[in-house]
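Visitor: I'm new to this one, and I'd like a close look at a single part of it. Could you walk me through it slowly?

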Amino acid sequence: MTKALALFSGGLDSLLACRVVAAQGIAVQAVKFVTPFFGYELLAREEDYARTVRERYGIEVVLRDVSEPYFAMLRNPPHGYGKNFNPCIDCKILLLTEARRLMEEFSASFLITGEVIGQRPMSQRRDTLRVIERDSGCTGILLRPLCAKNLEPTLAEREGLVDRELLLDFNGRGRQPQIQLAEQFGIRDYPRPAGGCVLTEEHQAKRIAWYYSRYPQVRTNDIRLLLFGRHFRLPHGAWLVLGRDEAENGRLGALCAPGDFLVHMPERSGPMGVLHGAEHPEDFAAAAGLVVRFGKKMAGVSALATVLFASREEERRLEAEPLGDELFQGWSL
Ligand code: SF4
């Protein structure tokens, strides 16, 4: 039986691409690549995710973590960034390169994506689709079933593995053809088109760009820290993250890495924090003042509070007053 490997985002277009090819009697294996910028939380519940996709859409999916090559690419994407810190063209090249390398493992004869020509301004123009194909080493082996009739026949079509007549000719930004096709396949509860990738979100993208400009070595843990909580660049170079609620406080506890300090007020309710790269006493003092500032105010009790800094190697305690808002305005990330 012919097998195809699909690049699977989980969005409607990738679902439909899989189903269009599977409808020809071809076994489709989907792979969803994850990094802390997209899909990473699924790694903790891979089986559950795979079961949901199988039951809802009839598609077999596996996850693959490509964080390390992705971090390196994001520092200097050869085709540049989009509006924010999103390297969409090089992102696709990297994911397709990884998918091509997996073809043998899954005995796949060709690759599939849900791309539609003209749908996205930067990464889905005709010339860009060709560049992506070429630079990922996928020329001829990449089938885009939703718009295949608007493109040159691929090897799979030329060799008769796929019937080109049963492929589609979608084009442009309209969603109606996809919605109608979803109805034909009985797919109803599909995800609506929306971000899903933090590199396209202005605020998050700025934080990530700052991190890249500041740290030569990218750590998964740090990227995960960047994506929630309140962030402050302290005057002497340290970076402080404060939780905004119980759930975030809990996540910070789990993400405090060797060399970082976990910060909190042991005798009063308030945020948990992670302090990274602190060396100067003034950064410890500033962090303590911020923890007290965002802690719970208690009527009739002095604003002065004890703040505990705990790393794997040492503990420090500081007494601090809440830091005045005017003092830290420029520190927010
Ligand atoms: S939006 Fe994000 S995941 Fe999608 S192509 Fe661009 S960088 Fe990659």
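Visitor: Which residues of helix 10 (residues 246–255) are buried?

Guide: Happy to take you there. Keep in mind that this is a predicted model. The buried residues of helix 10 are Glu248, Asn249, Leu252 and Leu255. They sit on the same side of helix 10, because the arc they cover around the axis is only 125 degrees. Now turn to the other side of helix 10: there you'll find Glu246, Ala247 and Ala254, which are exposed.

What do those buried residues pack against? Their partners are helix 9 (220–226) along with three strands: strand 7 (239–242), strand 8 (261–264) and strand 9 (273–276). Before we follow one of those partners, have a look at the start of helix 10. Aspartate 245 has a side-chain oxygen there that comes to within 3.1 Å of the backbone nitrogen of alanine 247.

Next, hop over to helix 9, one of the elements that the buried residues of helix 10 pack against. Pick out aspartate 222, which is found in helix 9. Aspartate 222 counts as buried because its relative accessible area is 2%, and the cut-off for buried is under 20%. Its side chain makes a polar contact with the side chain of arginine 219, at 2.9 Å. Leaving aside residues up to four places away in sequence, aspartate 222 touches Tyr211, Trp239 and His276.

The protein as a whole has 12 helices and 11 strands, and its C-alpha atoms fill a box of roughly 80 × 40 × 35 Å along the principal axes. Of its 333 residues, 51% count as buried. Take the contacts between residues at least 6 apart in sequence: 64% of them join residues at least 24 apart.

One last stop, if you have a moment, is the ligand. Around the ligand are Phe38, Tyr70, Pro87, Cys88, Cys91, Lys92, Cys197 and Thr200. Helix 4 (residues 88–102) supplies the largest share of that shell, with 3 residues. By type, the shell divides into 6 nonpolar, 1 polar and 1 charged.

Definitions and conventions: Residues numbered from 1 in each chain as written. Predicted model: local features only at pLDDT ≥ 70, side-chain atom pairs only at ≥ 80, totals over all residues. Heavy atoms only, no water. Near = heavy atom within 4 Å. Helix = DSSP H or I, 4+ residues; strand = E, 2+ residues; numbered from the N terminus. Nonpolar A, V, L, I, M, F, W, Y, C, P; charged D, E, K, R; others polar. Buried < 20%, exposed > 50% of the residue type's maximum accessible area, 1.4 Å probe, protein only. Arc of directions from axis to C-beta. Contact = heavy atoms within 4.5 Å. Polar contact = N/O pair within 3.5 Å; in protein donor to acceptor, adjacent residues only side chain to side chain.
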